[in-house]
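Please open the model in your viewer and keep the sequence panel beside it. The stops below are meant to be selected one after another.

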Amino acid sequence: MAMKNILTVDLEDWYHICDIEHILPPSGWDRCESRILANVEEILTLFRRFKVKATFFVLGYVAERTPEVVNMIHAEGHEIASHGYSHVQVYKQRKGEFLQDLLRSKTLLEGMTGEKVVGYRAPEWSICKGEKNSYWALDLLVQNGFLYDSSIAPLRFIGIPNAPTIPYTLSTPCGDIKEFPPLVMPSPLGNLPIGGGWGLRIFPYRSIRRAIERVNRFGYPGLIFCHPSDFDPIPPPIALPWIKRFVCYGKIKTTEERMTHLLNDFEFSSIKGTL
Ligand SMILES: [Zn+2]
């Protein structure tokens, strides 16, 4: 049987972008147009076409504002996991704040689905070491019944550059937890982020395919991630700094093409499906 790779979606709306509080504070979210339903319908249609199940890391705020979207995803048999509640990077929160944010989203999602939430992904891959240390978050995840985490990117600038690039087990004083990093491509400049976001849109498709084939040869899955806004044909105008504009919208038209190619070429499952 072909190796199963991993398909994930961060379920958040177009205005959930870290570090833009000066342009759009969270107090303004309620006034932003919600565009998530149409984008999620696109994603679900694509996944249905390939009969594939994925993990959706749902932002608590989105679950509260548009519960019908979460119900729709759950009804199609996809895994519902947590993306926290308020989309603040973990290293910007105190332990108590993080725990509150985590449990608020977990309780909300479990109430909606009647199923245990066992997976977590931090906003912007923000479980880090060093200056932005937030490694303590893993202890809290284990203590609160999470079986896996997907918040450590083996990347410079936003992650832990030398972290493993394939799924692995982390030990905490409270027990073990599985970590699922995003697919990356090794290069002389360090790992390149090709598993989602701008990297998935910009690098040649053959490089992405080769990176997956490489990890599969070693017996490991490659992890792909996307966002509903990647599927938005007309993203709403927002005055983002150029770097954010590139990260969020650079060459946006190809995300769907790329995903279709990937779903044609490889087998995928949710994270829970590989545990
Ligand atoms: Zn996010």
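Does Thr8 count as buried or exposed, and what is its relative accessibility? Select Thr8 to begin: at 0% relative accessibility it counts as buried, where buried means under 20% relative accessible area, exposed over 50% and partly exposed in between, with a 1.4 Å probe and protein chains only. Before going further, note that this is a predicted model, in which local features need pLDDT of at least 70 and side-chain atom pairs count only at pLDDT 80 or more, whereas totals for chains, interfaces and linings use all residues. Residues are numbered from 1 along each chain as its sequence is written, and side-chain values use heavy atoms, with hydrogens and water left out.

Thr8 has its place in strand S1; strands (E, at least two residues) and helices (H or I, at least four) are DSSP runs numbered from the N terminus. Now show the surroundings of Thr8: leaving aside neighbours within four places in sequence, Thr8 is in contact (heavy atoms within 4.5 Å) with Thr55, Phe57, Arg121, Leu223, Ile224, Phe225, Cys226 and Ile271. The side chain of Thr8 reaches the backbone oxygen of Ile224 at 2.8 Å, a polar contact being a pair of N or O atoms within 3.5 Å; within protein, one must be able to donate a hydrogen and the other to accept it, and residues adjacent in sequence count only if both atoms are side-chain atoms. If you draw a distance from Thr8 to Arg121, 113 residues apart along the chain, their C-alpha atoms are separated by 10 Å.

Next, select the whole of S1. Of its 8 residues, 7 are buried, so S1 is largely enclosed by the rest of the structure. Strands are said to pair if DSSP finds at least two bridges between them. S1 pairs in the parallel sense with S10 (residues 223-226) over 4 bridges, and in S10 it is Phe225 that stands opposite Thr8. With S11 (residues 267-269), S1 also pairs in the parallel sense, over 3 bridges, and there Glu267 is the bridge partner of Lys4. S1 and S2 run parallel as well, joined by 4 bridges, with Asp10 opposite Phe57 in S2. The chain crosses from S1 through H1 to S2 in a right-handed β-α-β crossover, that is, with the strands pointing away from the viewer, the path from the first strand over the helix to the second runs clockwise.

Move on to the zinc ion. Which residues coordinate the zinc ion? Glu12 (OE), His83 (NE2) and His87 (NE2) do so, at 1.9 to 2.1 Å; donors are N, O and S atoms within 2.8 Å of the metal (3.2 Å for Na, K and Ca), and water is not among the atoms, so sites may look incomplete. Along the chain, the donors follow the spacing E-x70-H-x3-H. Glu12 lies in the loop between S1 (4-11) and H1 (36-49), and His87 in the loop between S3 (79-82) and H4 (95-113), so the pair ties together parts that are 75 residues apart in sequence. Both Glu12 and His87 are buried.

His227 is buried, with a relative accessible area of 15%, and touches Asp10, Glu12 and Ile43, not counting residues up to four places away in sequence.

Finish at helix H3 (residues 67-75), where Val69, Val70 and Ile73 are buried.
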